[in-house]
Amino acid sequence: MAYSDKVIDHYENPRNVGSFDKGDESVGTGMVGAPACGDVMKLQIKVNAETGVIEDARFKTYGCGSAIASSSLVTEWVKGKTLDEAAALKNATIAEELALPPVKIHCSILAEDAIKAAVNDYKAKHSAKAEA
Ligand code: FES
Ligand code: FES
């Protein structure tokens, strides 16, 4: 299969690979798996509690080149975005930017699910505290 230059670039030079401490108050963690292929993606965001803006992001993806490229791209995009902006990110936007072929669309869905899960995890952490 022919990958686009952008996929190859993100695959060869992935941005923001790594992990934050899951227990850190400022961190939201999203961990999702793709039923279609068994690939797993972990995406984390670090949020400024005062502004609600995502200051940094990390990912670890066990999966195909498109999944790695999708998560790498998402970690770049969400920096400087609010939680709601990040949660509104659509897989179609990722697929378009990377020019993913139809059989690889689920890889970008994985990245959308992962960023949504990370935002939800962060919100859950903080609403639990607000109620306590
Ligand atoms: Fe298994 Fe993507 S299908 S790595
Ligand atoms: Fe399964 Fe890409 S995430 S083939």
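The protein averages a pLDDT of 93, and 95% of the residues score at least 70, where pLDDT is the predictor's confidence in each residue on a scale from 0 to 100. For the complex, the predictor gives an ipTM of 0.73 and a pTM of 0.91. Because this is a predicted model, local features need a pLDDT of at least 70 and side-chain atom pairs count only at pLDDT 80 or more, while totals for chains, interfaces and linings use all residues. Residues are numbered from 1 along each chain as its sequence is written, and chains are lettered from A and ligands numbered from 1 in the order in which they are written.

**Annotated region**
- An unreviewed UniProt entry places the feature "domain: NIF system FeS cluster assembly NifU N-terminal" at residues 2–127; UniProt positions are given in the numbering used here, feature names are shortened, and annotations may be inferred rather than shown by experiment.
- Over residues 2–127 the chain is 46% helix and 21% strand, with the end C-alpha atoms 45 Å apart; helices (H or I, at least four residues) and strands (E, at least two) are DSSP runs, numbered from the N terminus.

**Sheet**
- An open sheet is formed by 3 strands in the order β1-β2-β3, with antiparallel pairing, two strands being paired if DSSP finds at least two bridges between them.
- β1 (27–33) and β3 (53–62) stand at the edges with a single partner strand each, so one side of each is left without a neighbour in the sheet.
- Neighbouring strands of this sheet are turned by 15° against each other on average, direction ignored.
- β1 and β2 pair in the antiparallel sense over 7 bridges, and the bridge partner of G33 in β2 is V40.
- The hairpin of β1 and β2 has 6 residues between the strands, and G38 there takes a positive phi near 85°.
- Strand β2 (residues 40–48) is joined to β3 by 9 bridges, and K46 stands opposite D56 in β3.

**Helices**
- Helix α2 (residues 65–78) lies across β2 and β3 and runs at about 170° to β3; axes are lines fitted to C-alpha atoms, for helices over the stretch in contact, and angles run from 0 to 180 degrees between N-to-C directions.
- The axes of α2 and helix α4 (residues 91–98) come within 10 Å and cross at roughly 110°, which makes α2 roughly perpendicular to α4 (a class that spans 65 to 115 degrees, with angles under 35 counted as roughly parallel, over 145 as roughly antiparallel and the rest as oblique).
- S66, A69, S70, L73 and V74 in α2 meet I94, E97 and L98 in α4, contact requiring that C-beta atoms, placed from the backbone, lie within 7 Å.

Terms used
Contact = placed C-beta atoms within 7 Å.
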